[in-house]
Amino acid sequence: MKLSGVELRRVRMPLVAPFRTSFGTQSERELLLVRAVTPAGEGWGECVAMEAPLYSSEYNDAAEHVLRNHLIPALLAAEDVTAHKVTPLLAKFKGQRMAKGALEMAVLDAELRAHDRSFAAELGSTRDSVACGVSVGIMDSIPHLLDVVGGYLDEGYVRIKLKIEPGWDVEPVRRVRERFGDDVLLQVDANTAYTLDDAPLLARLDPFGLLLIEQPLEEEDVLGHAELAKRIRTPICLDESIVSAKAAADAIKLGACQIVNIKPGRVGGYLEARRVHDVCAAHGVAVWCGGMIETGLGRAANVALASLPGFTLPGDTSASGRFYRTDITEPFVLNAGHLPVPAGPGLGVTPIPGLLDEVTTEKAWIGS
Ligand SMILES: O=C(O)CCC(=O)N[C@@H](C(=O)O)c1ccccc1
């Protein structure tokens with residue numbers, strides 16, 4: 001099918017509270033939306049890059065530039081564009097996985113809507129709802145942290161993830177365990193903030209029965225994670241390091257991780273995300289769905305992905321209200337710690353025009 005054109009929208013949405021990680025604090029989410037228009041209809045994609053290259057090398061201005069000047073023109077020039085052809089058509093361009101993933105997601109959404117088929121059906125869903133975890137930022141005090149964690153547990157979240165960094169790690173974990181007990185599913189996320197020299201410090205987390213420690217070392221240090229795995233008991237989960245199914249297979253074979261966080265944008269799209277899932281399943285490695293503070297569009301696709309059989313751990317698929325007072329789609333609302341898997345065609349959700357326009361800061365059309 002020929003691609004008619006693509007609309008790029010930059011949106012800016014305030015967060016309900018500042019969100020602090022080891023690489024910075026954000027009070028709003030600025031992101032790029034992609035609307036792919038085809039003769040059979042249109043579809044939506046969401047680029048998960050951030051405002052600055054702090055999580056990975058990609059960031060919004062670069063993603064917009066590469067989409068406008070390279071990725072979209074390449075698809076417009078192609079005679080036949082289907083979702084499964086997007087990655088091969090864009091393979092000559094190095095990297096740019098989040099930008100490519102957004103474009104593939106929009107083409108996939110358009111295709112699936114035209115065939116009255118859901119993301120869940122296309123990806124291989126086996127559940128109609130998913131258990132949801134929640135990500136808790138670094139806080140300004142332990143009492144504040146305990147209030148926030150208590151609030152999320154009261155809301156029904158089935159797993160708590162604490163962001164950690166040097167100086168905010170063992171003590172917060174110990175205090176959460178003391179207050180809420182040993183039965184709460186608890187994990188930590190370092191976002192690459194430690195080095196192998198910190199192994200003795202990270203081993204002090206072992207007594208707290210954490211599900212996992214996420215990405216303690218830098219993205220490229222796969223061998224470092226394999227060495228760390230020999231020095232701590234808490235299972236290591238990789239996030240930033242896993243940029244493809246092949247990277248997942250290599251990391252698993254090297255003993256660098258026992259669990260994988262799958263973020264479709266980080267690996268170049270939902271089709272590659274399914275391949276990561278399949279590789280991990282083949283190695284008996286559990287996966288869960290990470291989050292990038294997506295709007296309801298990305299959230300819908302993530303919940304669909306999280307309903308695949310290998311997603312045996314609760315993901316960062318929280319309700320819309322975790323980050324946004326008003327989402328640009330119908331909000332995702334937690335029900336008994338679960339979110340329903342969208343069953344409608346494509347993403348199963350669409351932006352609400354008035355709400356989308358309110359948060360749109362710029363628009364551009366590329367195409368005929
Ligand atoms: O639930 C969410 O959407 C956010 C989960 C979360 O903590 N994401 C972190 C991460 O490091 O995994 C992140 C957020 C924003 C940008 C990059 C990374």
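Is Glu 171 buried, partly exposed or exposed, and what is its relative accessibility? Glu 171 counts as partly exposed, at 33% relative accessibility; buried means under 20% relative accessible area, exposed over 50%, and partly exposed in between, with a 1.4 Å probe and protein chains only. The close-up views below show a predicted model, in which local features need pLDDT of at least 70, side-chain atom pairs count only at pLDDT 80 or more, and totals for chains, interfaces and linings use all residues. Residues are numbered from 1 along each chain as its sequence is written, and side-chain values use heavy atoms, with hydrogens and water left out.

**View 1. The shell of residues around the ligand.** The ligand is surrounded by 20 residues, where a residue is near a molecule if one of its heavy atoms lies within 4 Å of it. The closest are Ser 135, Lys 163, Asn 191, Lys 263 and Ile 293. By class, the shell holds seven nonpolar, five polar and eight charged residues. In this division Ala, Val, Leu, Ile, Met, Phe, Trp, Tyr, Cys and Pro count as nonpolar, Asp, Glu, Lys and Arg as charged, and the others, Gly among them, as polar.

View 2. Gly 291 has a polar backbone atom 2.9 Å from a nitrogen atom of the ligand. At Asp 316, a backbone N or O atom is 3.4 Å from an oxygen atom of the ligand. The ligand taken alone exposes 440 Å², and the protein buries 100% of that; accessible areas come from the Shrake-Rupley method with a 1.4 Å probe, and for residues only the protein chains shown count as cover.

**View 3. The ligand in the largest cavity.** The largest cavity is where the ligand sits. A cavity is a set of points, on a 1 Å grid over the protein atoms alone, where a 1.4 Å probe fits but cannot get out. A molecule sits in a cavity if more than half of its atoms lie within 2 Å of its grid points.

View 4. Most residues other than glycine have a negative phi. Asn 191 belongs to the loop between β7 and α7 (199-203) and is buried, with a relative accessible area of 4%. Helices (H or I, at least four residues) and strands (E, at least two) are DSSP runs, numbered from the N terminus.

**View 5. Asp 109 in helix α3.** Helix α3 (residues 97-114) contains Asp 109, which counts as buried at 0% relative accessibility. A polar atom of the Asp 109 side chain lies 2.8 Å from the backbone nitrogen of Leu 347.

**View 6. Two glutamines in strands, Gln 26 and Gln 187.** Gln 26 lies in strand β2 (residues 24-38) and is buried, with a relative accessible area of 15%. A polar atom of the Gln 26 side chain is 3.5 Å from the backbone oxygen of Glu 28. Gln 187 lies in strand β7 (residues 185-189) and is buried, with a relative accessible area of 1%. Between Gln 187 and Phe 208, 21 residues apart along the chain, the C-alpha atoms are separated by 9.6 Å.

**View 7. Helix positions Phe 119 and Glu 171.** Phe 119 is in helix α4 (residues 119-123) and is buried, with a relative accessible area of 2%. Its C-alpha atom is separated by 19 Å from that of Cys 132, 13 residues apart along the chain. Glu 171 is in helix α6 (residues 170-180). Glu 171 and Lys 230, 59 residues apart in sequence, are 23 Å apart in space, C-alpha to C-alpha.

How values were computed
A polar contact is a pair of N or O atoms within 3.5 Å; within protein, one must be able to donate a hydrogen and the other to accept it, and residues adjacent in sequence count only if both atoms are side-chain atoms. On a 1 Å grid over the protein atoms alone, a cavity is a set of points where a 1.4 Å probe fits but cannot get out, and a pocket is an open set with protein on both sides within 12 Å along at least five of seven lines; lining residues have an atom within 4 Å of a point.
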